[in-house]
Amino acid sequence: MRRHAVVLAVGLALGCGGLPSLRPLPEPRRSQVSQRCRNLFPEGSWQVTHLVHFHLKRGTSGSFLGAVAADDSGSEFQAVMLSPEGFTLFDATYSPTGVEVHRAVPPLDATGFGRIMLDDIRLLLLAPDGPLVEIGQSESQEATCRWQRGDGRVVEAVLHSPGKTRLRLYADGELSREALLLGVARQRFAPEMQLRAFGAVGYRLQLQLMATE
Amino acid sequence: MVGASSVLLASILTLLSPVLGAWTDDWAGIRAAANKVQSLQADFTQTKHLKILKRPIVAQGKFYYRRPGQIRWEYTSPVKSVVLLDESGLRRYTWRGNRWVRDAGANLGPVHAVLREMDLWMRGDFTSSKVFAPRLEPGSPAKIHLSPRDAALKKYVSGIDLVLSSSPGVVDRIEITEGPGASTRIDLQRVKLNHRIPDKVFESVQ
């Protein structure tokens with residue numbers, strides 16, 4: 001109980017980017033929600049392939065295959081984008097020390113593309129690299145968790161139902177990304193994910209799970 | 001009696017074929033064999049190997065070609081997508097939300113450069129390509145190795161091998177090497193030569 005109070009206090013101190021506070025949950029509900037939030041993300045080393053449809057704000061759209069492989073650390077992964085014909089369009093590695101782009105076919109070689117893409121993968125597939133600072137109930141009565149990531153941004157998971165979870169990424173209190181994880185997860189991978197990026201370069205991604213290892 | 005003669009003739013021709021030469025012996029033979037192909041359709045299996053994946057990504061599809069220069073390169077799984085190529089250019093469609101959607105504005109130069117070369121390959125015209133330098137490797141099976149001429153393209157495709165069939169004008173397999181840790185193998189099966197292919201196959205994604 002005391003530990004929970006400390007975590008809550010840390011969460012409030014960090015402020016979660018000025019987000020509305022969550023209503024505390026009684027035990028054992030709180031522990032159950034905490035566990036469900038932790039179970040949202042795969043653990044250990046894993047590989048996954050998705051069919052990805054993208055739609056950019058300015059009208060460009062298309063599809064590609066995405067393959068991601070993570071190592072045991074849970075913080076490093078390599079991501080490859082393939083054209084439907086199997087050509088490697090983009091290949092990069094993420095680690096806490098930075099992003100290394102191995103291959104980027106124009107126009108995917110634009111500055112910042114790699115970081116943005118890998119950041120989306122982090123949000124969808126990797127447990128946030130920071131403490132779970134808030135667990136509670138939102139104004140709409142939904143169980144919610146918040147993590148404070150190492151880069152200062154806040155990840156929020158709203159557990160709508162066992163087959164529907166909403167992830168939000170906040171940067172400086174502003175909503176930067178929102179994702180829906182839909183369907184009953186296979187090895188913790190949702191069968192379908194929809195991501196929306198806000199801001200000047202807005203876009204939407206729809207990911208359909210193909211295979212996991 | 002006529003039947004026995006035909007069998008005997010066929011046997012003699014088979015035995016002599018190494019002496020008489022195969023269609024894959026030189027560029028002229030390859031061009032001549034390709035010139036007899038008015039249309040081709042085949043199923044294919046594409047196996048994509050990536051260093052980061054334990055298992056390859058396997059795709060299935062259908063390929064259609066008709067002279068002069070109409071191609072339909074269709075994937076039926078896991079992604080439903082179609083590339084249509086003719087004199088007007090290249091169009092790609094993907095099946096999304098229960099309908100075909102044309103990929104808009106996603107011009108991926110190196111990918112399109114390779115796809116556009118397919119028309120030349122089907123005509124047996126490898127030597128006039130401005131994109132790839134060809135090298136014929138006779139043998140059984142014979143191979144045509146294509147090296148990108150352009151240093152920019154070489155960054156994305158280090159080489160392409162076309163493994164030729166014993167049937168004149170037919171390619172059995174395409175192997176695309178992108179670099180260390182990434183390669184694609186496309187095996188053609190159930191190849192039909194010079195069958196009538198309806199116009200709509202090349203004109204419409206449906």
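Biologist: Which strands does helix H3 (residues 113-125) of chain A lie across?

Modeller: Helix H3 of chain A lies across S2, S3, S4, S5, S8, strand S9 (164-171), S10, S11 and strand S12 (203-212) of chain A. Its direction makes an angle of about 115° with S5(A). Please keep in mind that this is a predicted model.

Biologist: And what does helix H2 (residues 29-38) of chain A lie across?

Modeller: Helix H2 of chain A lies across S6, S7 and strand S8 (154-161) of chain A, and runs at about 120° to S6(A).

Biologist: How do you know that S4(A) and S5(A) are paired?

Modeller: Let's set the count against the cut-off. Two strands pair if there are at least two bridges between them. S4(A) and S5(A) are joined by six bridges, so by that rule they pair. They run antiparallel, and Ser95(A) stands opposite Gly98(A) in S5(A). S4(A) and S5(A) also form a hairpin, with two residues between them.

Biologist: What makes strand S6 (residues 132-137) of chain A a partner of strand S7 (residues 143-148) of chain A?

Modeller: The same test applies. Five bridges join S6(A) to S7(A), and the cut-off is at least two, so they count as a pair. They run antiparallel, with Ile135(A) opposite Cys145(A) in S7(A). This hairpin has five residues between its strands, and Gln141(A) in the turn has a positive phi of about 70°.

Biologist: How many bridges join strand S10 (residues 174-182) of chain A and strand S11 (residues 192-197) of chain A?

Modeller: Six bridges, in the antiparallel sense. With at least two needed, S10(A) and S11(A) therefore qualify as paired. Leu182(A) has Glu192(A) as its bridge partner in S11(A).

Biologist: What order do the strands of the chain A sheet follow?

Modeller: The 12 strands of this open sheet follow the order S5-S4-S3-S2-S1-S12-S11-S10-S9-S8-S7-S6, with antiparallel pairing. Strand S5 (98-104) and S6 of chain A are the edge strands, since each pairs on one side only. Neighbouring strands are turned by 20° against each other on average, direction ignored.

Biologist: Why are strand S6 (99-102) and strand S7 (132-137) of chain B said to stand at the edges?

Modeller: In chain B, 11 strands form an open sheet in the order S6-S5-S4-S3-S2-S1-S11-S10-S9-S8-S7, and the pairing is antiparallel. S6 and S7 of chain B each have a single partner strand, so one side of each is left without a neighbour in the sheet. The twist averages 20° from one strand to the next.

Biologist: How do you know that strand S10 (residues 171-179) of chain B pairs with strand S11 (residues 182-193) of chain B?

Modeller: Six bridges join them, against a cut-off of at least two, so S10(B) and S11(B) pair. They run antiparallel, and Gly179(B) has Ala182(B) as its bridge partner in S11(B).

Biologist: What else is in chain B, and what share of its residues is buried?

Modeller: Chain B has five helices and 11 strands. Of its 206 residues, 28% are buried, which means that 20 or more other C-beta atoms lie within 10 Å of each one's own.

Biologist: How many residues does each chain bring to the contact?

Modeller: Chain A brings 26 residues and chain B brings 28 residues. On the side of chain A that touches chain B, strand S1 (46-56), strand S2 (61-70), strand S3 (77-82) and strand S4 (88-95) each supply at least two residues. S2(A) gives the most, with six residues. The residues of this side divide into 12 nonpolar, 12 polar and two charged.

Methods: Residues numbered from 1 in each chain as written. Chains lettered and ligands numbered in written order. Predicted model: local features only at pLDDT ≥ 70, side-chain atom pairs only at ≥ 80, totals over all residues. Contact = placed C-beta atoms within 7 Å. Helix = DSSP H or I, 4+ residues; strand = E, 2+ residues; numbered from the N terminus. Nonpolar A, V, L, I, M, F, W, Y, C, P; charged D, E, K, R; others polar. Axes fitted to C-alpha atoms, helices over the stretch in contact; angles between N-to-C directions. Buried ≥ 20, exposed ≤ 12 C-beta atoms within 10 Å, placed from the backbone.
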